[in-house]
Amino acid sequence: MYWCCFSFWSCGSICRLFSSAWLFFSGLAYLLDSVFHRIGLAVLTAGPLEGLWTAFYNSTLWRLERFNNSIVMGSLVVSLVLFVPFYLLSNKLILKYREHFLAWVQKTKLAHVLNILRYGGDV
Amino acid sequence: MTGDRTPAAPAAPPKSPQQPDGASRWIRWPGVIAFTVVTVLLAAVWWLLVDGLIECVIERTGTQAVGAKVELAAADLTLISLGLTLTGLQVTDPDAPMTNAVEVSRISFLMDGLNLLRRKIIINDMTVDGVRFGTPRKTSGAIGKQEPGVVQKAARTKFVLPSAQIPDVKEILAKEELQSLKLAESLRADIQAEQDRWKQQMAELPNKAKFDDYKQRLDKVKSSGNGGLGGIVGGAGEAASIQKDISQDIDKITAAKKTFEGNLVQLRKRLDEATKAPEEDLRRIRDKYALSPQGLANMSSALIDGPLGDRIETALRWYAKLQPYLQSSGERKGNAEVVKPLRGNGVDVRFKEQAPLPDFLIRTAKIGLDLAAGLVSGTIRNITPDQPVLGTPTTFEFSGDKLTGVQSLKLNGEINRVDPAKPHDAAALNVRGYRLLNLALSTDDSLPVSVKEAWTDLDLKADLRGEALDADLAATLQSVRITTGTKPDAGAVAKAVAAALSDVKSLHVKADITGTVKQYDVRLSSDLDQVLKQALGKQMQEQVNKFEGQLRTAIAEKVNKPLGDLKSSFGGLTGIGDELNARLQQAGGLTEGGGSPGGLKLPF
């Protein structure tokens, strides 16, 4: 909520991107809660990692991060695992997008509206 | 994350827009100002609403837990020295919505800020002032849905005044089923069936005609013995064959006789029971309709059971409500403990801590109970739902001296969940010089009884291990004034009871409470038993004797004829035994030699 407001006030492209991504991924995370919970619980209760988690658990900084919550841990593990493949895949998709869709998107009314918001109508 | 920046994209870039002023600078002041304004506004809104939010959360959570309205007049959160003060807390009694079970004037405490960052609410000192019980409410605190009762007490003894009138015997016998009649009818049918069976069997057994036939054959063998050596040999073979037949018949009759005698013993036993049954009926009906010494003891127990039972049920009901907060819903997985928070938020896994602390802990709560008698102060230590983490049980102690109407009061105990598999709760209450006023013992219309005044010493010790409840209560009442509301037209028994109770000056009551929290049993004893026995014993005995005499006559009228018929039917059976004996004798006579006529005597 806070960051949504901030993005509209600043009208910056980064903030817009951030808020859009935040909304999208929050929704996605909500849908995938049960998967994250299962993965997180398995990781947190894995015998070989118990010493590591115990050390973290005794640190206030880590406790603030709520690493011991099954959904937090599950989503972190999933994001770390998917980071590299997702990075490579998204780069390819962006290139494809620029090649095939960018010109068409620029012509849409939505793009015009966004450009007006971004550059104050001096497009 | 924005992709490859090489000029690979063939699409033309958008028309170069004019860059806003200062876009290339590190700090964009409009953004900073916007950020600051938003932050300040949010902080202001939070500051204005946070107290209301806390109040709302406490009311909602409390209402859900208690099952009736929980209201809070105000909540005040302070950030510098992080603390909270709650004023005007009212917890409605779910069973009496116009009454507050508890009302607290002020609760204040400081929280440990550092531990709060670790999501642990640690309160070192809490002060709870002005705790009052049973205060009236202006509006109903009911919330519509009533939680079903969890405490199931053994059936409470109802106070019933015994009647001086002798009950109508005919009316009683019209609705009571006599066991003696049932037994007599059942036995008579069985005897008849036995008779029919034996009648048929006797027809199949060897009889006089057969024995006469044996005799004729024997005579024939004897006469053939005079025909030389061949006749002697042939006669011997025939005689052996006859002897074998007779022997088989004797065996048959002997076996039948044995069976018959066995059956006869069983039937005789049942006959004896049926003969004694009228006395059993008499005893049962007399005990049911007339007052026995046991009934007198029940009457005195019923007087005390009412007010005591109400208090036990109230205490256990509140104890049951506390249960969910005494122990967290943790589940162990190896050395880690999985604790379920709100649904949809995942689970928090706990690991071993170097300095273990529960998620919620009040180390010391100082409580001031504002009772009608005066101020009773107490301390509760280590309030937490995670006692296994803390390793120490919750303890409490309250005391008050020189109160109005109470010389001294002391309550202490502990709630121990350190080992969740072996929960153990204990409490001890000692009250000295309590002035008991207007305690209703019976509200029965026939004889309302109340203790107008008494000075009471009370000792209660309660122990709860798991579900097993064991409590002992001993009370001594001195300078007792018992009042009874006897009407001028009251019966002799009511007057005698009233007079006996009015004379009571001291009273000792002992209660033993056992069972489980959900289903308990109270065993009461008091010297009221003796008082009532002395007052009513003689009067009741005369009544019982008269009633018993009338009842015996009436039962005899009903059962004498069926019993007589039964005995004569049984006599018919003995005739069968005689017949069996006679046949055995006849058969035996054939096999005997000697001088008996027709005896089996070989001609050599």
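**Close-up views of a predicted model**

**View 1. Contact between helices α3 and α6 of chain A.** On the α3(A) side, the residues in contact are D33(A), F36(A), H37(A), I39(A), G40(A), L41(A), V43(A) and L44(A), and they meet S70(A), I71(A), M73(A), G74(A), S75(A), V77(A) and V78(A) of α6(A). By class, the residues of this contact are nine nonpolar, five polar and one charged. Helix α3 covers residues 33-44 and helix α6 covers residues 70-100, both in chain A. Because angles of 65 to 115 degrees count as roughly perpendicular, α3(A) and α6(A) are described as roughly perpendicular to each other. The structure is a predicted model.

**View 2. Chain A as a whole.** Chain A has eight helices and zero strands. Along the sequence the pattern reads α-α-α-α-α-α-α-α. Of the 123 residues in chain A, 26% are buried. Contacts between residues at least 6 apart in sequence include 46% that join residues at least 24 apart. The accessible surface of chain A is about 8400 Å², and carbon and sulfur atoms account for 74% of that surface.

**View 3. R66(A) in the loop between α5 and α6 of chain A.** R66(A) lies in the loop that links α5 (60-64) to α6 in chain A. The phi angle of R66(A) is near 55°, a positive value in a residue other than glycine. Most residues other than glycine have a negative phi. R66(A) has a relative accessible area of 28% and is therefore partly exposed.

**View 4. N438(B) in strand β13 of chain B.** Strand β13 of chain B spans residues 424-442 and contains N438(B). The phi angle of N438(B) is near 50°, which is positive although the residue is not glycine. With a relative accessibility of 53%, N438(B) counts as exposed, because the exposed class begins over 50%.

View 5. E194(B) belongs to helix α4 of chain B, which runs over residues 179-204. The relative accessible area of E194(B) is 11%, so this residue is buried; the cut-off for buried is under 20%. Leaving aside residues up to four places away in sequence, E194(B) touches N263(B), L267(B) and L573(B). With N263(B), the side chain of E194(B) also makes a side-chain polar contact of 2.6 Å.

Methods:
Residues numbered from 1 in each chain as written. Chains lettered and ligands numbered in written order. Predicted model: local features only at pLDDT ≥ 70, side-chain atom pairs only at ≥ 80, totals over all residues. Heavy atoms only, no water. Helix = DSSP H or I, 4+ residues; strand = E, 2+ residues; numbered from the N terminus. Buried < 20%, exposed > 50% of the residue type's maximum accessible area, 1.4 Å probe, protein only. Polar contact = N/O pair within 3.5 Å; in protein donor to acceptor, adjacent residues only side chain to side chain. Contact = heavy atoms within 4.5 Å. Axes fitted to C-alpha atoms, helices over the stretch in contact; angles between N-to-C directions. Parallel < 35°, antiparallel > 145°, perpendicular 65-115°, else oblique. Nonpolar A, V, L, I, M, F, W, Y, C, P; charged D, E, K, R; others polar. Areas by Shrake-Rupley, 256 points an atom, 1.4 Å probe, with all protein chains shown as cover.
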